[in-house]
Amino acid sequence: MNKKGFVFIETIIVVAVLITSLLYLYSTFVSLNNNEQRRLLYDDVGYLYRAYYVKKYFTSQRLDRVVSHLNPSNSADNVNFIIAFGCGSGDIFENYDKESGFCELMRQELHIGNIYVTYNDLSILQTCSGNSGLCATFSRVGASMGNYLRTLGGKGKSGYRMIVEFQEDGMGNACADQEHCKYYFASVELGDVA
C-alpha cells in the first residue's frame with residue numbers, strides 16, 4: 001500500500017472538515033453580529049424609555065387630531081398610512097405658544113429627528129416588494145426608517161403606534177452633521193386614541 005497517497009487523502013479530508021467548521025463559525029458570527037446591530041438600533045431600552053415620555057407628552061396634547069388623518073387604504077397614492085409630525089404641528093396643541101417651546105426643548109434634549117404615528121398592525125409592510133400600494137410608504141420615509149418598519153409586526157392588533165426616530169453620533173450626543181449621524185428607532189403603542 002502506498003503510504004504517501006493515504007497521507008495526502010487524509011490531509012485533504014482534515015482540511016475539508018476544518019474549512020466546513022470555519023465557514024459554519026463565520027456564518028454564525030455574522031448572524032449574531034447582525035442581530036446585535038439591529039438590537040442596538042431598534043427598540044433599545046434607553047430609546048424605548050425616551051419614546052415612552054414622548055408618547056406621554058403628546059397624548060396629553062391633541063394627538064387625536066394627528067391620528068384622524070391616517071388612512072388604512074392600500075393604494076399607491078396613500079400618503080397617510082404613516083404620518084410624521086412634531087413640534088411645528090400647531091393643530092396638535094391646545095395652546096401652541098405655550099407648548100411649542102417645551103416641545104422643541106424636548107426634541108433637542110432627547111435628540112429626536114422625527115416622530116411618526118401609524119397603525120399597530122404593520123405586518124403588511126413586512127412582505128413588501130416593489131413600490132405599489134402601501135409599499136410606496138418606503139419611498140416616503142428614509143432608508144433607515146424603512147428597514148425599521150420591516151421589523152415591526154403587530155398582526156391583528158388594533159389601535160395605533162408612535163415611532164420615534166432618534167439621531168445621534170453613536171456616542172449618545174446630538175448629531176453635529178448628517179454625515180456622522182446614526183438613526184435609532186423606538187416604537188410604543190398608543191392603543192386607541194380618542
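## The sheet

Two strands count as paired if DSSP finds at least two bridges between them. In this predicted model, S2 and strand S3 (residues 160–168) meet that mark with seven bridges, in the antiparallel sense. S3 and S4 also pair in the antiparallel sense, over nine bridges.

Together, four strands make an open sheet. Their order is S1-S2-S3-S4, and the pairing is antiparallel. S1 and strand S4 (182–191) stand at the edges. Each of these two has a single partner strand, so one side of each is left without a neighbour in the sheet. On average, neighbouring strands of this sheet are turned by 25° against each other, direction ignored.

## Strand S3

How many of the nine residues of S3 are buried? Nine of the nine are, so S3 is largely enclosed by the rest of the structure. Tyr 160, Met 162, Val 164, Phe 166 and Glu 168 point one way from the strand. Arg 161, Ile 163, Glu 165 and Gln 167 point the other way.

Some cross-strand partners can be picked out. Glu 165 in S3 is the bridge partner of Asn 114. Met 162 in S3 stands opposite Val 117. Toward S4, Glu 168 stands opposite Lys 182.

## Disulfides

A search of the whole structure finds two disulfides. One joins Cys 87 and Cys 103, with the sulfur atoms 2.1 Å apart. This link is left-handed, with -80° about the S-S bond. The pair ties together distant parts of the chain, 16 residues apart. Cys 87 sits in the loop between strand S1 (82–85) and H4, while Cys 103 is in helix H4. Are these two cysteines buried or exposed? Cys 87 is buried, because its relative accessible area is 9% and the cut-off for buried is under 20%. Cys 103 is buried too, at 0% relative accessibility.

The other disulfide joins Cys 175 and Cys 181, with the sulfur atoms 1.9 Å apart. Its torsion about the S-S bond is about 90°, so it is right-handed. Cys 175 counts as partly exposed, at 23% relative accessibility. Cys 181 counts as buried, at 12%.

Most residues other than glycine have a negative phi. Which residues go against that here? Asp 43 has a positive phi of about 55°, although it is not a glycine. His 111 likewise has a positive phi, of about 60°, and is not a glycine.

Both residues are in loops. Asp 43 lies between helix H1 (3–41) and helix H2 (45–59). His 111 lies between helix H4 (96–109) and strand S2 (112–119). Asp 43 is partly exposed, with a relative accessible area of 30%. His 111 is buried, with a relative accessible area of 15%.

## A nonpolar surface patch

Which residues form a nonpolar patch on the surface? They are Phe 8, Ile 9, Ile 12, Ile 13 and Val 17. Together they have about 500 Å² of accessible area. One of them, Val 17, lies in helix H1.

Key. Residues numbered from 1 in each chain as written. Predicted model: local features only at pLDDT ≥ 70, side-chain atom pairs only at ≥ 80, totals over all residues. Heavy atoms only, no water. Buried < 20%, exposed > 50% of the residue type's maximum accessible area, 1.4 Å probe, protein only. Patch = residues over 30% accessible without salt bridge, like charges linked within 9 Å, V, L, I, M, F, W, Y side chains within 5 Å. Areas by Shrake-Rupley, 256 points an atom, 1.4 Å probe, with all protein chains shown as cover. Salt bridge = Lys/Arg side-chain N within 4 Å of Asp/Glu carboxyl O. Disulfide = S-S within 2.5 Å. Axes fitted to C-alpha atoms, helices over the stretch in contact; angles between N-to-C directions.
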